[in-house]
Amino acid sequence: MLYERKSHVSGFASASLLSKAFLVWINPMLRKGYKSALKMDEIPTLSPEHRAERISSIFESKWPNSIESWKHPVRITLLRCFWKELAFAASLATIRLCVMFVGPVLIQSFVDFTSGKRSSEYEGYYLVLILLVSKFVEVLSTHHCNFQAQKLGTLIRSAIIPSLYKKGLKLSSSARQDHGIGTIVNYMAVDAQQLSDMMLQLNAVWMMPFQVTIGLVLLYNCLGATVVTAILGLFAVFVFAIIGNSRNNHFQFNVMRNRDSRMKAVNEMLNNMRVIKFQAWEEHFNQRIMGFRNTEYGWLSKLMFSMCGNLVVMWSTPLLVSMLTFGTAILLGVQFNAATVFTATTIFKNLQEPIRTFPQSMISLSQAMISLDRLDRFMLSRELSNDSVEREEGCGGQTAVEIIDGTFSWDDDNMLHDLKNINLDIKKGELTAIVGTVGSGKSSLLASILGEMCKISGKVRICGSVAYVAQTSWIQNGTIEENILFGLPMDRQRYNEVIRVCCLEKDLEMMDYGDQTEIGERGINLSGGQKQRIQLARAVYQDCDIYLLDDVFSAVDAHTGSEIFKSLSAKPPIPNFFHMQECVRGALQGKTIILVTHQVDFLHNVNLILVMRDGMIVQSGKYNDLLDSGMDFKALVVAHEASMELVEQDVIIAGENLNKPTKSPEAATVYKGTNGESNSLDRPVSSKKSSKLIKEEERATGKVSLHIYKLYCTEAYGWWGITVVLVLSLLWQATMMASDYWLAYETSEARAKMFNPSLFMSIYAIITAVSVILVVARSFFFTILGLKTAQIFFTQILCSILHAPMSFFDTTPSGRILSRASADQSNVDVGLPMFMGTVIIMYVTVLGIFVVTCQNSWPTVFLIIPLFWVIIWYRGYYLASSRELTRLESITKAPVIHHFSESIAGVMTIRAFRKQKKFCEENINRVNANLRMDFHNYSSNVWLGLRLELLGSFVFCTSAMFMIILPSSIIKPENVGLSLSYGLSLNAVLFWAALMSCFVENKMVSVERIKQFSNIASEPAWNIKDHLPPSNWP
């Protein structure tokens, strides 16, 4: 990969401890991204210890050996590889746990100090200092814990994806059928990503019991036995969370299963788009894929509403538990004061985090467990046996290929014997032909020689290297030259000779850039004959000892076939096409050739003919001997002669036109020398870039336009939809603030003598009920809005793709379409609604905190304007790089998917030429290119989080200092408690509000990418109302 080689190594590799602590090492990249949009080659490569080649090697070395029979090898191997990283992240989480409750404990001391109960004149300053230090430690430990977790996620993907790729190259035939390409795409694009994402949630799972226990102990110190009510309330919430998690687990499993079916159908559609267009089957495939999508959407709706119900309970829990706890305290006669009440409410808010995140963490954990089970199933799938074929290089003797008493099956369980009683002995340098009716086992016999079938019994031995030309041509997305070289260095003389003997000269003449013209995905811009000749050229250039040719001339007409054999022949030109064996022997003199063919009447002089029927070799010998014996071979010859008589006249008429070279879409002119011969092989390429058929993926730069936001927010219900969500969110925040103001008012010293428990609880209960109703309405309406928007987007992109002209598919790799249909659509289905909903809540919460803090510590107002300016600047500075990294991450993910699907399609060719190592190296290069974007993206998230949270902590501690300095006539003790209960969460809420808004913009890139393919230039309408054919046509 060019951009991989040019880039410098990440600053993380050589950063000092201080630089790593505050992520100073990433500053050069962020500075460059702020000045101009980041380009691919400006992103540093991963550190050597994080690169896929190292991590995948460690993963393979830790994989359970044959003695260890683990049912879940993937998770066991991951634990063996990364237990140290897990332990380090857990230790940082422990440090955070130790300091996160310092703030609530200090509220009592702050309230006492402002009410005149102080042991020293400087006690207030000590309290502010302790608060500042605890916040500093909390911020550092929180963000480095997240950084370590996300880095661990990157390492897991570095291990999993190359291992999946290598496994894909080893799968047996029946295992490949069990795991379709669409499903394997999801293994790489979805399951590996879910494992990575789960790392961020993992610490929240085990931390929750400790956080709750510490919080309950502190509540007991404040409210005594009343804490029992809080315990019962929290226990009820956890039971609900467990039930909800089990329900979500079921829904998620069905969503992923139906997503696999949809992706399989989409991949099938893309692979056969030319046939679909020719047959006008677009409407059928549209209905078929929408059927899969509607089933998936049904389960998705259940999942989203279930998750919505969980979130409603979690957001309502602090207020509901507070109401029940305070009610119990009043019944037990517990005396209320500002310090007690706001210490309790702050603890409830702190407990809101584990209560709110625990269900989501459990959902993430359950999704990861499902993904691990799916990966276990794939990684434990049957592989081809390496010892089914004995391969020898440079061996002596006369035998090139030998099979003794061979029985073979395509089924791993050996239930069906596809080849039986196979015995053959092919000598070196001989030309052997395999003939038989369709389905008789000819191609299977070649597969058994290659080791592609399961060997039940017998012996297979090959002496020398093997070249294989498949019946269905397999062409890579690349230049013609790259396809022919197939990883070997250029030998110009040999290369030109291969071009000549495979009759590719005329085709290259018609292309502006000759052999530098890029071939479309799967050779989609070439004719069948051109693809077969390029395949043949690839095999001839490899210069192997044994050539297995599977009906390679079925796609070429007689004239071109004759020309190929004339060119291949070392003897004088033979005008008769049916003297093929002489030509092949001349071109590949000294090579062993095994040819599967239906052209039985040009086999007069081959060394050996094998006749197959029902998976067995029923006759063998030379042409005349087999013809004289009658039986199967004579029947084949008679049938062939009869068919040739019927088409002979047509062949004569059309012979000159059938195989005119197909001009590539880029080729508009013919470059010839004065003698009329093509100079395409020797002339310089005028513009390498313009010779590319597959253009670089379109990539927007700069901010995601407001138009994209508008499309997402208004696609379902127009402006009314998002307006209703915003109004409901503001009203919900107002009820939350009203409940706290009511607590402050009722616990003030002025109200102590007039305290009415009945009135206090009645008002508090009414406010709580209104708050719950509002959060239910907001959450469910936003879920409905998100679901409808996701379905509209999918319908639009499917319709646009099906209406796209064939030229779009010629120049667009299927990986780009598949990545939008899988990862991007998944973001729109689940990720974007969740992030968008969180952003709205966070911003209204920030607004509430500023209102309360500034009201009770008025000098803080002077910090708000500069604080907002700094936040906006930091957000813009970070986002300039982050959004480009997100776009580049999406763009570099598509080549990983495309290369994998391309490799699986041509796995027999790759294995026949023994090119697995080269293809695995290419996969690792593409994985590294993708993961370096992800690594620097979340590193920039941590960079922003550290700075914003430290800034928020400084502002909060400054506000606390003002409350210490201001005279008691201005600042009331109950207002100190109220302000501190809100301000303690300022740093976290401020950061999450900014970061979530950045995440929303990054996720909006998925909307942007989907919309790119929703507006493809359309071909004419399928049905024209005024020009419909009669109902009985044709």
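**Reading charged pairs and helices**

A: In this predicted model, lysine 135 is buried, with a relative accessible area of 6%.

Q: With which residue does lysine 135 form a salt bridge?
A: Side chains of opposite charge can pair when their charged atoms come close. Here the partner of lysine 135 is glutamate 138, with the closest N and O atoms 3.7 Å apart. The two are three residues apart in helix 7, so about one helical turn separates them. Glutamate 138 is also buried, at 13% relative accessibility.

Q: Is glutamate 922 buried or partly exposed, and how is arginine 926 classed?
A: The cut-off for buried is under 20% relative accessible area. Glutamate 922 is therefore partly exposed at 22%, whereas arginine 926 is buried at 16%. Their salt bridge has its closest N and O atoms 2.8 Å apart, and the residues lie four apart in helix 30 (residues 916-965).

Q: How many salt bridges does the whole structure contain?
A: A search finds 27.

Q: What do span and bend show for helix 5?
A: Helix 5 (residues 73-99) reaches 38 Å from its first C-alpha to its last, close to the 39 Å expected for its 27 residues.

Q: Which residues make the nonpolar surface patch of about 460 Å²?
A: Tyr122, Tyr125, Tyr126 and Ile965 make this patch. Tyrosine 122 sits in the loop between helix 6 (102-114) and helix 7 (123-170), and is partly exposed with a relative accessible area of 48%.

How values were computed: Residues numbered from 1 in each chain as written. Predicted model: local features only at pLDDT ≥ 70, side-chain atom pairs only at ≥ 80, totals over all residues. Heavy atoms only, no water. Patch = residues over 30% accessible without salt bridge, like charges linked within 9 Å, V, L, I, M, F, W, Y side chains within 5 Å. Areas by Shrake-Rupley, 256 points an atom, 1.4 Å probe, with all protein chains shown as cover. Salt bridge = Lys/Arg side-chain N within 4 Å of Asp/Glu carboxyl O. Buried < 20%, exposed > 50% of the residue type's maximum accessible area, 1.4 Å probe, protein only. Expected span 1.5 Å × (residues − 1).
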